[in-house]
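Here is a brief report for a reader new to this structure. Look over the model first, then read on.

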Amino acid sequence: DNERALHTSFHQLILEQSSLIEADLELELQERSRDACAVSWPEPGQGEEHPSYSSASLQILASMPSRTIGRSLGAIISQYCNRTARLRRRSNRPPLQQLCRAARPSLRQYNLDTDPASTTLEEKRRLLVKELLSLSPSQCSHVLLTMPLSLEEKPRAVPVVPCCSPTALPFSCPQGCRGLWYRLLSLLRTAQPWHYALKQIGGRFGSSVLSYFLFLKTLLTLNFVSFFILLAFVVVMQAVYPSAAVSPQPFTGLETTGAGSFTNSLLYYGYYSNVTLNDPCSSSPEGSECPLAAPLLPYNLPLAYLFSVWVSFLVTCILLVYSVSRSFLGSVRSSTAVLAIKVFCAWDFKVVQRRSVKLQCENICTQLKELLGEQSSRSRSQSRCQVLGHYLVMLLAWVLALGLASGCVLGVHHLSERMHTVSAQEILLLVVPFVVSLLNAVMPHLFNLLALWEKQDSPVTQVSVAIFRNLILKTMVLILLCYQWLSRSIICSAEECWETCVGQDLYRFMVMDFIFTLLDTLFGELIWRLILEKRQKKKQRPEFDIARNVLELIYGQTLTWLGLLFAPLLPALQMLKLLLLFYIKKTSLMRNCQSPSKPWQASRMSTLFITLLCFPSFLGAATFFSYTIWSVRPSETCGPFRGLETIYKSGKRWMLVLEKSNPNITWFAWVYQYLLENACLQFFMSAALIAVIYFNIQVVRGRQKVICLLQEQIAKEGEDKAFLIQKFQNVYEQRRRRS
């Protein structure tokens, strides 16, 4: 019938079009073969890069996707015009069986060009824009993205729709909502603290220096969480119900040492009371009856103090585990294949401001330098004698580093013992913190001299070795100090409780560490830059020491976690210190330092920083806190746990008191007895935490193996193409010889 004849004629036209295209392709291949025969090609196997292939092989090469790039612009526009027409008919028209014969399409609507030269380029472009206007926004965007046109030609093909036209609504509404969503996302990014400052640092100095400031930002978040918990449940409640036995003292000038008016304040453990704060009968003398009724929900400060510190450690542990797992996943994604992504896909076309464009250019250039520097360091090879000599030098350097660290610890121990024989004056309280901070500032420079002797090729290895040497020194000193604090061999007056003295010691160590950090920034960066520029007339500037600065942050954060029980407001001081350090270090970095001489990518170093913060630092502080809770006897005259055998047993005592005072909170006692005191539950929670960490490590290792296999597969794909082409050439040669 008519429908069958219609489809038959349509099929014949398609065959004619395909035959014309094949004829053009054969003519082009014949011209290429004549040109190839006119040139004297070398024999196969003699070092040629592009051997002369036959017409059949050239036809296979021409049909590959990589060889279709050289098509004419008009052919591409015509092809995508026909594709948009098909999409429009597919989306807007009902099936052919549901239409009557008069409404069915004719062959004229398909607009098949039998003569490619009949239409000009502008007419084809105009026709493409017309067809794009009839598509939906998603189909239009997909077609524009898949068009193999240059960036100069694609804006000409984008349809410009008038606002009052009937087709403007399907384009304007989704695009307007999408633009509003992108603006909101950009506002959220810019609302992040130090957004532009971090981009500026990363673009100018690379990810290695940027990792220090990102690590500082992470520490600021952790301290804010701890400070908020302690402030809401302990400090504010004690400030609302102040202790009547403690009278405020005037300012004496000793506050810089942690003493003076700070001693009997909310800063230290000894100020907090051991009563139920909202109980009106807590201040009545013993044995007397209280006429007032007990509150419905009594607020017991010792329980709040203990649970707030415990919850602060728990939340910090969860955040650290999450940060470690996220950092591990980020380090897996940073592979050698990122170099191609940075070269071809790194530019953000939404950036239009001149300052942002310049910053993005610097950032991409620095990242390319880092990737190329890593690949060049991996490609170096050494002989066995060189490797053996290098390991021998490293062994001697490690022996010297461990000897220096042990000598420093012995010196601090003898100094602290000698200070106990001297009268306890206020100025002498700063001697031990001064010596410890001086060692922490001087010893990294000696370790850097050992690193120059070792001559490490990889900057990542050099920074890792420096970090571990400084970490060993600081860990040994902190272990010695913790032993002295728990054995109560500290300088403390008789009327003060030892917990307050430990809190004052930690306060002095934090203040002295901050002072030495400022002095090191002043003399190690500013004065050194002036000497290099003014005296030696050099343009070279000092480099930013990442290992030393990161270890200073870990050391200060460890002091904060150690003092969480003895000084609840230490996280606030640490937050203030970190804020000042960010702006001071950023200003000194921009004015006094230069970018690293060996650029390197710091994705794995960020993982190392978080791991060191989690396991040696946080784990040590949690062990110190647990030992203090379970084994150390609190003071008899001050603090929320006065007169008790251990802090841990205070939980049972105050639970019984709360249960007797108000039967409505028996559920809280049940939770404490069966959830918190249950050793099996704590064991299972620890096992679950270890299992999560192990699972994340195995996932990371599995992804690393998959990435290596995929990279190997990509490399083999190129070899497969050459192999197949060679096989085709051999088959063609065999057939030609037979004929």
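## Serine 273

Serine 273 sits in the loop between α9 (207-240) and α10 (301-333). Helices (H or I, at least four residues) and strands (E, at least two) are DSSP runs, numbered from the N terminus. Serine 273 has 10% relative accessibility and counts as buried. Buried means under 20% relative accessible area, exposed over 50%, and partly exposed in between, with a 1.4 Å probe and protein chains only.

Which residues does serine 273 contact, leaving aside its neighbours within four places in sequence? They are Gln238, Leu301, Pro302, Pro640 and Arg642. Contact here means heavy atoms within 4.5 Å.

## About the model

This is a predicted model, in which local features need pLDDT of at least 70 and side-chain atom pairs count only at pLDDT 80 or more, while totals for chains, interfaces and linings use all residues. Residues are numbered from 1 along each chain as its sequence is written, and side-chain values use heavy atoms, with hydrogens and water left out.

## Cysteines

A disulfide is a pair of cysteine sulfur atoms within 2.5 Å. By this rule the count is one disulfide. Cysteine 497 and cysteine 638 form a disulfide, with sulfur atoms 2.4 Å apart. This pair links distant parts of the chain, 141 residues apart. Cysteine 497 is in the loop between α15 (459-486) and α16 (498-535). Cysteine 638 is in the loop between α19 (603-631) and α20 (649-661).

Cysteine 497 is buried, at a relative accessible area of 5%. Cysteine 638 is buried too, at 9%. Cysteine 614 is in no disulfide. Its nearest cysteine sulfur belongs to cysteine 317, 6.3 Å away. Cysteine 614 is buried, with a relative accessible area of 8%.

## Second largest cavity

The structure holds four cavities of 30 Å³ or more. On a 1 Å grid over the protein atoms alone, a cavity is a set of points where a 1.4 Å probe fits but cannot get out; lining residues have an atom within 4 Å of a point. The second largest cavity holds about 50 Å³ of space. Grid points are joined across faces, edges and corners, and a volume is the space filled by probe spheres set on the points.

Ser437, Asn440, Ala441, Asp513, Phe516, Thr517, Asp520 and Glu552 line this second largest cavity. The largest share, four residues, comes from α16.

## Salt bridges

How many salt bridges does the structure hold? There are eleven. A salt bridge is a side-chain nitrogen of Lys or Arg within 4 Å of a carboxyl oxygen of Asp or Glu. One joins lysine 577 and aspartate 513 (2.8 Å, N to O). That pair links distant parts of the chain: lysine 577 is in helix α18 (residues 570-592) and aspartate 513 is in helix α16, 64 residues apart. Both lysine 577 and aspartate 513 are buried.

Glutamate 533 forms a salt bridge with arginine 529, the closest N and O atoms being 3.1 Å apart. Glutamate 533 and arginine 529 are four residues apart in helix α16, so about one helical turn separates them. Glutamate 533 is partly exposed, at 24% relative accessibility. Arginine 529 is buried, at 13%.

Conventions. On a 1 Å grid over the protein atoms alone, a cavity is a set of points where a 1.4 Å probe fits but cannot get out, and a pocket is an open set with protein on both sides within 12 Å along at least five of seven lines; lining residues have an atom within 4 Å of a point.
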